[in-house]
Amino acid sequence: QVQLVESGGGLVQAGGSLTLSCAASGSIFSIDSMGWYRQALEKERELVAHISSGRSIKYVESVKGRFTISRDNAKNMVYLQMNNLKPEDTAVYYCNAIVRISVVDTYNNYWGQGTQVTVSS
């Protein structure tokens, strides 16, 4: 039905930058909000950044001023530019999208498989 595929994770030193990308594909009629979540080892998954269809944006407090979320509606993609990375940003990052697959369907929640981001000190 709908697949979300993340890319761009990796290993970076503290202070460095990474850009995550997420491509949504499949039976997509429309996408409402898109976002990035992360889950560090032995911690719960948390919202990192969220962008609505109207481009309203919110960030978790710990990444404000360092991360920037954006989306390309024509390509069904969402991005997360991460600057000044810190060791505490180390986590698996997951893409999320609220997608409707046809005009008669409701919106459903979809997740990517996750991409590892490791920040060394």
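The model is predicted: local features need pLDDT of at least 70, side-chain atom pairs count only at pLDDT 80 or more, and totals for chains, interfaces and linings use all residues. Residues are numbered from 1 along each chain as its sequence is written, and side-chain values use heavy atoms, with hydrogens and water left out.

**Strand β4 and its partners**

- Helices (H or I, at least four residues) and strands (E, at least two) are DSSP runs, numbered from the N terminus.
- Strand β4 covers residues 30-39.
- Seven of the 10 residues of β4 are buried, so the rest of the structure largely encloses this strand.
- Buried means under 20% relative accessible area, exposed means over 50%, and partly exposed is in between (1.4 Å probe, protein chains only).
- Two strands pair if DSSP finds at least two bridges between them.
- β4 pairs with β9 in the antiparallel sense, over eight bridges.
- Here Y37 stands opposite Y94 in β9.
- β4 also runs antiparallel to β5, joined by five bridges.
- On that side, W36 has A49 in β5 as its bridge partner.
- In a regular strand, side chains alternate between the two faces of the sheet.

**Aromatic rings**

- The structure holds one aromatic pair.
- Y37 and W111 form this pair, which is edge-to-face, with 4.9 Å centre to centre and 65° between the planes.
- Y37 lies in β4 and W111 in β10 (residues 108-111), so the pair ties together parts that are 74 residues apart in sequence.
- Rings of Phe, Tyr and Trp (its six-membered ring) pair if their centres lie within 6.5 Å; planes under 30 degrees apart count as stacked, over 60 as edge-to-face and the rest as tilted.
- Y37 is partly exposed, at 21% relative accessible area.
- W111 is partly exposed too, at 35%.

**A charge over two rings**

- R45 lies over the face of Y94, 3.7 Å from the ring centre.
- The charged end of R45 also sits over the ring of W111, 4.7 Å from its centre.
- A charge sits over a ring if NZ of Lys or CZ of Arg is within 6 Å of the ring centre and within 35 degrees of the ring normal.

**Salt bridges**

- The structure holds four salt bridges.
- A salt bridge is a side-chain nitrogen of Lys or Arg within 4 Å of a carboxyl oxygen of Asp or Glu.
- R38 and E46 meet in one of them, at 2.7 Å from N to O.
- R38 is buried at 7% relative accessibility, whereas E46 is partly exposed at 30%.
- K64 and E61 form another, their closest N and O atoms being 3.1 Å apart.
- K64 is partly exposed at 46%, and E61 is exposed at 58%.
- D89 and R66 also meet in a salt bridge, at 2.7 Å from N to O.
- D89 lies in the loop between β8 and β9, and R66 in the loop between β6 (57-59) and β7 (67-72), so this pair ties together parts that are 23 residues apart in sequence.
- D89 is buried at 1%, and R66 is buried at 9%.
- Salt bridges with shared partners join R38, E46, R66 and D89 into one network.

**Positive phi in loops**

- E42 has a positive phi near 60°, in a residue other than glycine.
- E42 sits in the hairpin of β4 and β5, which has six residues between the strands.
- E42 is exposed, at 81% relative accessibility.
- N84 has a positive phi near 50°, again in a residue other than glycine.
- N84 lies in the loop between β8 (77-82) and β9 (91-100).
- N84 is partly exposed, at 42%.
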